[in-house]
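Here is a guided walk through one protein model. Keep the sequence and the 3D view side by side as you read.

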Amino acid sequence: MGAPLSAWPWEYLGSYKYVLFGPLIWKALYSIMYEDVLPMQSWCLHVLIICALRGLIYQLWNSYSNMLFLTRNRRIIKQGVDFKQIDAEWQWDNFIILQGLIASMACYLVPYLQDLPVWNPKGLITCIVLHVGVSEPLYYWVHRRFHANDFYQNYHSLHHSSPVPQPLTAGNATFLEDLILTVIIGIPILGSTLMGFGSIGIIYCYFSVFDFLRGLGYSNVEVISHKLFEKIPFLKYLLYTPTYHTLHHTEKGSNFCLFMPLFDALGNTQNQKSWELHKEMSFKAGINGNVPDFVFLAHVVDLTSQMHVPFVFRSFASIPFSFRLFQVLFYPSGILVCLAMWAWAKTFLITFYNLRGRLHQTWAVPRYGFQYFLPFALDGINNQIEEAIIRADKLGVKVISLAALNKNEALNGGGTLFVNKHPDLRVRVVHGNTLTAAVILNEIPKNCQEVFLTGATSKLGRAIALYLCRRKVRVLMLTLSTERFLKVQKEAPAEFQSYLVQVTKYQAARNCKTWIVGKWITPREQRWAPSGAHFHQFVVPPIFHFRRDCTYGDLAAMRLPDDVEGLGSCEYTMDRGVVHACHAGGVVHFLEGWTHHEVGAIDVDRIDLVWDAALKHGLKPVSSSKVHSL
């Protein structure tokens, strides 16, 4: 059992906690519709709007904090925000609900609060005086008490359990701490109101400024120039900085103030490194930070998945992507973003993680999946990919791995175009498909004697067919092109060519229980598979799970090694810690220190070599709990 008032009363509700706003919503609607109350006169509506506005302020700060393409060189703590921290801060907005409910009770119990004027300038001065004279010193004193042994252990340690401050970290606290914070926030508002100077405008302004400054302090991004404090030295005592507050989170024994370092100076608790570190961070803002060793070059999939990134919704990006109804509301803005990126954007940084002391980043080409099928857009896409490769080369990146359609054979020959055009590249360009083939092949039971293969003459299909025929597995290759079939067949050793069989209809696989799907198939075409068949697949998007009497494999993927650090977002539909096999293939290429480019056709002789290297470095297959060896 935890300490008194450490748990939240509505903890058991989980995400259903927002039903606590139900009575307020009902009262606001009822009063406006049936009591002829103007919206501006509905105190319930004001409480709801203020709560929504506060949540938006923290969300905007959090979005900015995670826009690594803007903030990467201004970040104070360099490590990434991992899944553990994101889960711990999932209910970050509890304090907004609490303070909204308490504000509602205050309005109900003190009718005078329901009839405040829109604006009273005297209230502004009163509010500032009460904040500086009461709220700031009270917060400082309480905060120091919460760092005492018992209070810290039972309450405040939860807040400091987040290793990387983020705007949402501000809400990661116990019930008791936020009750006290409610009192501290309430003093200026209630005090100015009781003095007769209260107004609706003052309440909106105070909450907005309070939350803005809190989001600033927790942002982990230094946005305040040291030159400001050099020009106005006394400002150091009136306004803290993100660096100042981050020092409190890392060293814990100093910088206790709310927003004003004056009280740390008076209490002799100001960290001596505060302003020197701030100046150092301010100087470094325009300098490129750590250079990644490995880059995974992705692209946007579609209008819905574009929201599956940490700088839009951090919590949404931390779980595997699936369509949610709320995304429909963002379609109009999503279309505008798509058009804007098409017109002006360059490749940008999305996420990063660290593996064995090395920085791995994911960059995104600002193009959507459908654009890769527009003939007039292809040159522009290749230019974007080429610029990204050249940039990586100049930075000193060791390996850049092309994702999904960025390595499309028809687009650039699986990366061959760039390697041929720039023969002196130091960065290794990798499509990662050798490991993709290895993952699929190691899912196939070793006693398998026959497979049915669609997409049979594609890059992956060719490699899979050639590998299997060497192991005396009969491969039914679905293709209408005899020329392309014969081209693949001639690549096989003469003694194994008979194991490759061209078929032109799905009916040919009516007795084959192992289907390898490299070209999208409809539910109608799936009906030709016998009962008990298993569909392996390397097609994007994945096929529908139509047959209940059959089983379906996932897209080829691998789990990153256990010692990965700072990983806090999922790669599209992959589970946490899991990446597409082509991403993993690039990681293995880097970890092995291979110096060749992996572009163009897959070298079948290297499939087992790459697979063994992946397992050696701690990557694990995820599509099957059992590794099969053919």
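A residue counts as buried when its relative accessible area is under 20%, as exposed when that area is over 50%, and as partly exposed in between.

A word on confidence. The model is predicted. The protein chain averages a pLDDT of 94, and 98% of the residues score at least 70. Over residues 624-630, however, the pLDDT is below 50. In the model, that stretch has 17 contacts beyond near neighbours in sequence.

Next, find the sheet. Strands of a sheet pair through backbone hydrogen bonds, either parallel or antiparallel.

Strand S7 covers residues 474-478 and runs parallel to S8, joined to it by 4 bridges. Leu476 stands opposite Val501 in S8.

Now turn to the cysteines. A disulfide is a covalent bond between the sulfur atoms of two cysteines. How many disulfides does the structure hold? The count is 0. Cys205 is in no disulfide, and the nearest cysteine sulfur, that of Cys127, is 9.1 Å away. Cys205 is partly exposed, with a relative accessible area of 37%. For Cys512, the closest cysteine sulfur is in Cys448, at 6.7 Å. That is too far for a bond, because a disulfide needs the two sulfur atoms within 2.5 Å. Is Cys512 buried or exposed? At 2% relative accessibility, Cys512 counts as buried.

Move on to helix H15, residues 331-344, where Met341 lies. Met341 is buried, with a relative accessible area of 12%. Leaving out residues up to four places away in sequence, Met341 touches Val300, Phe348, Pro366, Arg367 and Tyr368. Tyr368 is 27 residues from Met341 along the chain, and their C-alpha atoms are separated by 9.5 Å.

Follow the chain into the loop between H15 and strand S2 (348-355), and you find Thr347. Its relative accessible area is 11%, so Thr347 is buried. Neighbours within four places in sequence aside, the contacts of Thr347 include Leu297, Trp363, Ala364 and Val365. Pro366, Gln384, Ala388 and Arg391 are also among them.

Lys236 is found in the loop between helix H10 (226-231) and helix H11 (242-251). It is partly exposed, at 29% relative accessibility. Lys236 touches Phe229, Pro261 and Trp275, not counting residues up to four places away in sequence. Val132 is 104 residues from Lys236 along the chain, and their C-alpha atoms are separated by 15 Å.

The other loop lies between H11 and helix H12 (262-267), and holds Lys252. Phi of Lys252 is near 65°, a positive value in a residue other than glycine. Lys252 is partly exposed, with a relative accessible area of 30%.

Finish in the segment before helix H1 (22-34), the place of Leu5. Leu5 has a phi near 65°, which is positive in a residue other than glycine. Its relative accessible area is 45%, so Leu5 counts as partly exposed.

Note on methods
Residues numbered from 1 in each chain as written. Predicted model: local features only at pLDDT ≥ 70, side-chain atom pairs only at ≥ 80, totals over all residues. Heavy atoms only, no water. Pairing = 2+ DSSP bridges. Helix = DSSP H or I, 4+ residues; strand = E, 2+ residues; numbered from the N terminus. Buried < 20%, exposed > 50% of the residue type's maximum accessible area, 1.4 Å probe, protein only. Contact = heavy atoms within 4.5 Å. pLDDT = per-residue confidence, 0-100.
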